[in-house]
Amino acid sequence: MSTPRPGARSPLSPRLWLAFLLPALAAFGASAPLLWTLVSGLVEQVVADQLQQGLPLVASLVRDGLEAEAHEGAPADLQGLAVRLTAASERRLTIIAGDGLVLADSARTPDKVAAMDNHGRRPEVLDAVARGRGWAVRRSATTGLAYVYAATTLSGPGGELYVIRLAQPLRELATLRAHLARALAVALLAALGLALALVWWSRRRLAGSLSELLAGVGPLEAGRFEHRVPAGGGAELGALARAFNRMAERAEQRLAEVDRQRGRLEAVLASMRDGVLVTDGEGRAALVNPAFGRLFGVRGETAGRTPLELTLQPGLQDLVTATLERREDRQTELSLRAPFDKHLILVSTFLRGAPLAASAGRAETTAGTVVVVRDVTEAVRLGEMRRDFVANVSHELKTPLAAIRGLAETLRDETPPVDTGAETAGSRRFLDLLLEQCGRLEALLDDLLTLSRLESLDGKAPTEAVDLGRVVEESLQLIAPRLAERALELDADRQAAAVVVGDREALRRLLLNLLDNAIKYSRPGGTIRVRLAVEDRHAVLEVADRGIGIPATALPRIFERFYRVDKGRARDQGGTGLGLAIVKHAAQLHGGRVEVDSRVGEGSTFRVLLPLPPAAGQAP
């Protein structure tokens, strides 16, 4: 048997000793008052039964005495009769008239009997008058002793009612209680001795096994789950030790799985090209991958620091704070100027109750955020280069194209309008085709320059107030000749004034492109409807035609650059393939969107929704 370690707490503490002693003390405490009460009640009942058994004989003797004295004509000596009948015992005889007046009492002198209270309200007297007999236990106000009273009724020689009452003092009860108290004290001492013996035996029996169990559980408490507890010390302690071992085995498996998952997570995060920042519910860093550190030049310990402390970028701090406050995903862009120019896109995701390993050995289950940072510097640079190339090439091509057009127009003007021969007619036809292609090139260059300008304004749109009603009016005036040429009718519906903030030229170009498409693809004699309205804090520009329509399969791609539904028809109409791309970019530049509804053979409806500026006093 092993012994507890020096200074270690005893396996059987005083609380365990009390676990043995308290049941015995509780049982004794509950049984002693009950036994005390039961014994007292039993003695009182026995004495009452004895008195009630003797009452008929006493009543008969009293009746005989009353009849004898009545026969002799002498007054009844009830006091003497009561004294004679109880002379040989401790019992007390009381003769009471039917109205409660005490006529005789063997324990009192005649003078004192005359001074006694009326006994008509005594419980035993009331029961005897009502039911013929009764009994009660109480302390006598006359003698000061505790008595058991038993009473019965008696009819006198003249028919008068008497109550005959016998009483016996409870001296035996006091003696019995004294014996009972001694017996209870001996029983208590015996129970305490037995309980202490049981505690001593249990200590000798269990102390060693419990010490071994506690010693075996110690390594598990320290986190060494590979340790196993010896399964000894009896069936119960052995089962407990085996339960500890199963628990340790499962904990070891779970920890191993957690370590494997953590290793995979760390490997994934370390290999990611995108930076990752995980914060807790207070916005402090819980996890940072190497790519994030490289992007922002983070040095030193990261856990517990705010994004602003890590990167010195207020934009990142604002993103995390807004995500936590609004509990929704958000996105922003950052441009870093030192030590190298970088353009970053940051996407922040709100985590609801996700576990965050803030530091080694500690886990948190509060909400937090995950910020993914992507370096799009090369993509932005390539986009800028593409826009610059398109703009520069378009500008450079304008000059030679204008020269070609000028030369072709000069040659055409110098060619006689009258056909003087096949060669002259062919030259003039070629010059007309050359001028037509110059016009298409000029339109294409113009659209490319417009698209390049809109892309360069992305995020930097002018903030002038633009009256869309004026834009519609000016655009309709510009296309009026073309409407007349195609014999098209115009239905203009301007329901309300709408003023947006943005670029006037871009909005004018947006509407002109939609009108140009409607004219091109409408049948002669048809109707083009233009509507300007305000719906749900948005200005709505709508252009509808009754033309050839667009197939449903082509609708997802019509806003792509140079995409044509019918390439041959589009070339015949002189389109560049950039008109709807310009419409889409112009709408997005102003924070809006374009919707289209089209059916083949029934026409198309384009709706442009542009957000209105907030009214005075209204939050944006």
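A: At 0% relative accessibility, F292 counts as buried, a word used for under 20% relative accessible area, with over 50% being exposed and the range in between partly exposed (1.4 Å probe, protein chains only). This is a predicted model, in which local features need pLDDT of at least 70 and side-chain atom pairs count only at pLDDT 80 or more, while totals for chains, interfaces and linings use all residues. Residues are numbered from 1 along each chain as its sequence is written, and side-chain values use heavy atoms, leaving out hydrogens and water.

Q: How is a pair of aromatic rings described?
A: A pair is described by the distance of the ring centres and the angle of the planes. Rings of Phe, Tyr and Trp (its six-membered ring) pair if their centres lie within 6.5 Å, and planes under 30 degrees apart count as stacked, over 60 as edge-to-face and the rest as tilted. The count by this rule is two aromatic pairs. The centres of the Y147 and Y149 rings are 5.7 Å apart with planes at 35°, so this pair is tilted; the rings of F292 and F296 have centres 4.8 Å apart and planes at 40°, so that pair is tilted.

Q: Are Y147 and Y149 buried or exposed, and which residue has its charged end over the ring of Y149?
A: Y147 and Y149 are both buried. A charge sits over a ring if NZ of Lys or CZ of Arg is within 6 Å of the ring centre and within 35 degrees of the ring normal. The charged end of R138 lies over the ring of Y149, 4.3 Å from its centre, and R92 lies over the face of Y147, 5.6 Å from the ring centre.
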